Amino acid sequence: MKTIFVKEQEQKRSWFVIDAAGKPLGRVAAKAAAIVRGKTKATFTPSQNMGDYVVIVNAGKVAVSGGKEQKKIYYKYTGFVGGLKQHTFAKLIEKHPEDPVRLAVKGMLPHGRLGRALMDNVKIYAGAEHPHAGQNPKPLEV
């Protein structure tokens with residue numbers, strides 16, 4: 001079967017909003033990554049940015065199970081000697097509430113130029129309000 005190539009101007013893009021309050025982190029991130037990548041469309045092409053836009057609200061209230069609030073550790077390296085920083089999920093969600101969702105979605109996208117371009121189509125907000133009401137996003141259930 002041949003790969004279908006759709007021109008950027010011909011592609012119809014939609015906006016979706018996901019409410020992450022009380023939902024598992026991995027399920028929210030997997031759903032968002034699939035939509036942003038374009039895997040839910042019949043015109044999916046692995047090498048093109050043809051997906052839709054996703055707005056994730058209430059990212060600060062995302063749920064994890066199995067005691068991962070204290071067990072899950074996020075690492076960050078500053079680039080200096082001895083500069084390995086580590087934060088638990090609880091500390092990271094307290095300091096930067098949208099980072100766990102952002103990191104989870106980023107890890108499910110391609111690593112490279114295409115993945116960085118796809119991350120521009122994901123909008124993550126810690127609270128319930130978002131400035132994208134003009135795009136009429138459709139609610140999406142996870």
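Q: How are helices and strands defined here, and how many of each does the protein chain have?
A: Helices (H or I, at least four residues) and strands (E, at least two) are DSSP runs, numbered from the N terminus. This is a predicted model, in which local features need pLDDT of at least 70, side-chain atom pairs count only at pLDDT 80 or more, and totals for chains, interfaces and linings use all residues. Residues are numbered from 1 along each chain as its sequence is written, and side-chain values use heavy atoms, with hydrogens and water left out. From the N terminus on, the elements follow the order β-α-β-α-β-β-α-α-α-β-β, and the protein chain has 5 helices and 6 strands.

Q: Which residue in the turn between S3 and S4 has a positive phi?
A: S3 and S4 form a hairpin, with 6 residues between the two strands. In that turn a positive phi of about 105 degrees belongs to Gly-79.

Q: What share of the residues of the protein chain counts as buried?
A: The C-alpha trace spans about 50 × 35 × 25 Å along its principal axes. Buried means under 20% relative accessible area, with a 1.4 Å probe and protein chains only. Of the 142 residues of the protein chain, the share that counts as buried is 36%.

Technical notes: Pairing = 2+ DSSP bridges. Buried < 20%, exposed > 50% of the residue type's maximum accessible area, 1.4 Å probe, protein only.
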